[in-house]
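Dear colleague,

Please find below the structure that I am handing over to you.

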Amino acid sequence: MTTMKSGQDLLHVLARDHRRFDERCRSFLDAPTRRGERLLRGLAIDLLAHEAVEQLLLHPLVADRLSQGPRLSAARVEEEDLLERLLMGALDQPLASDAFRTAFRTVHRHLVEHTDREELEVFPYVRHVVERRDLRELGRLYTTLMVRIPTRMQCRLEARDGQVRRPLLRIRDVGCDVMRELGHELPAGADPGRDDLHAPIRGVLIDLSEPRVSTLTPRAGAATEA
């Protein structure tokens, strides 16, 4: 889904994809029956992959680098938790039904509110404390993950091996697998199979200059986002 020109950083590609998800949701609200079940599930996979990758790349960075980072990151994870639940509820409704349109309007409204808060409350402060080089490297990694994760999911959101597992966690597991294949260490607690959505944001440092992810308490001199 995602393509990136050379030099675009993580915050640029995230904001661009926020606009694209908004547009894709609007197109489904305009003509859902002509779009089809498979396209809807493709949108759901892309959207949940976006949130899962943010939990692996953006939120740990925010939690470590900003003085209020753990609180801001936890709030975003809670919003993503609700977004997943709303989205799965919409997918349970017949595509041509009024129930689907009502449920999907709620998904769309929550998505826009979530992405607006992220861009207003988080992005400016991340840009202030993270080097451009590191943001570009994270942008490249985000782009790679957003190509490989949906390809592996193939529009499937059902539980794996007959076990009940939340789609957002399952997709994050796939992201962890891809990161390891690419030689990137994971944020602490983000190991596949972990059931804690908040685990990757608890006191981690993403140091792309080395490149590895290691545990660290937030620095005393971290920027204040107020």
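Helices here are DSSP runs of H or I with at least four residues, numbered from the N terminus. In those terms, M179 belongs to helix 8. Please bear in mind throughout that this is a predicted model.

Overall organisation

The protein chain contains eight helices and two strands. Along the sequence, these elements follow the pattern α-α-α-α-α-α-α-α-β-β. Of the 226 residues in the protein chain, 53% are buried. Among contacts between residues at least 6 apart in sequence, 72% join residues that are at least 24 apart.

Helix 7 and helix 8

Two packed helices are described by the angle between their axes and the distance between the axes. For helix 7 (residues 132–153) and helix 8 (residues 167–181), the angle is about 125° and the axes lie 9 Å apart. Helix 7 is therefore oblique to helix 8. The crossing of helix 7 past helix 8 is right-handed.

On the helix 7 side, the contact is made by L141, L145, R148, I149, R152 and M153; their counterparts in helix 8 are R170, I171, V174, G175, V178, M179 and E181. By residue class, this contact of helix 7 with helix 8 comprises eight nonpolar, one polar and four charged residues.

M179 in its surroundings

When neighbours within four places in sequence are left aside, M179 is in contact with L56, L57, L141, L145, H184, E185 and L186. M179 and L145 are separated by 34 residues in sequence, while their C-alpha atoms are 7.7 Å apart in space.

Salt bridges

Side chains of opposite charge can pair when their charged atoms come close. A search of the whole structure gives 18 salt bridges. I describe several of them here.

The salt bridge between D22 and R26 has its closest N and O atoms 3.0 Å apart. Both residues lie in helix 1 (residues 10–30), four residues apart, which is about one turn of the helix. D22 is buried, at 18% relative accessible area, whereas R26 is partly exposed, at 45%.

R133 and D134 also meet through their side chains in a salt bridge, with an N to O distance of 3.6 Å. Here R133 counts as partly exposed at 46% relative accessibility, and D134 counts as buried at 10%.

A further salt bridge joins the side chains of D191 and R180, at 3.0 Å from N to O. D191 lies in the loop between helix 8 and strand 1 (204–207) and R180 lies in helix 8, so this pair ties together parts that are eleven residues apart in sequence. D191 is partly exposed, with a relative accessible area of 41%, and R180 is partly exposed as well, with 45%.

With kind regards

Key
Residues are numbered from 1 along each chain as its sequence is written. This is a predicted model: local features need pLDDT of at least 70, side-chain atom pairs count only at pLDDT 80 or more; totals for chains, interfaces and linings use all residues. Side-chain values use heavy atoms; hydrogens and water are left out. Axes are lines fitted to C-alpha atoms, for helices over the stretch in contact, and angles run from 0 to 180 degrees between N-to-C directions. Angles under 35 degrees count as roughly parallel, over 145 as roughly antiparallel, 65 to 115 as roughly perpendicular and the rest as oblique. A crossing is left-handed if the near helix is turned anticlockwise from the far one by less than a right angle, and right-handed if clockwise. Contact means heavy atoms within 4.5 Å. Ala, Val, Leu, Ile, Met, Phe, Trp, Tyr, Cys and Pro count as nonpolar, Asp, Glu, Lys and Arg as charged, and the others, Gly among them, as polar. A salt bridge is a side-chain nitrogen of Lys or Arg within 4 Å of a carboxyl oxygen of Asp or Glu. Buried means under 20% relative accessible area, exposed over 50%, partly exposed in between (1.4 Å probe, protein chains only).
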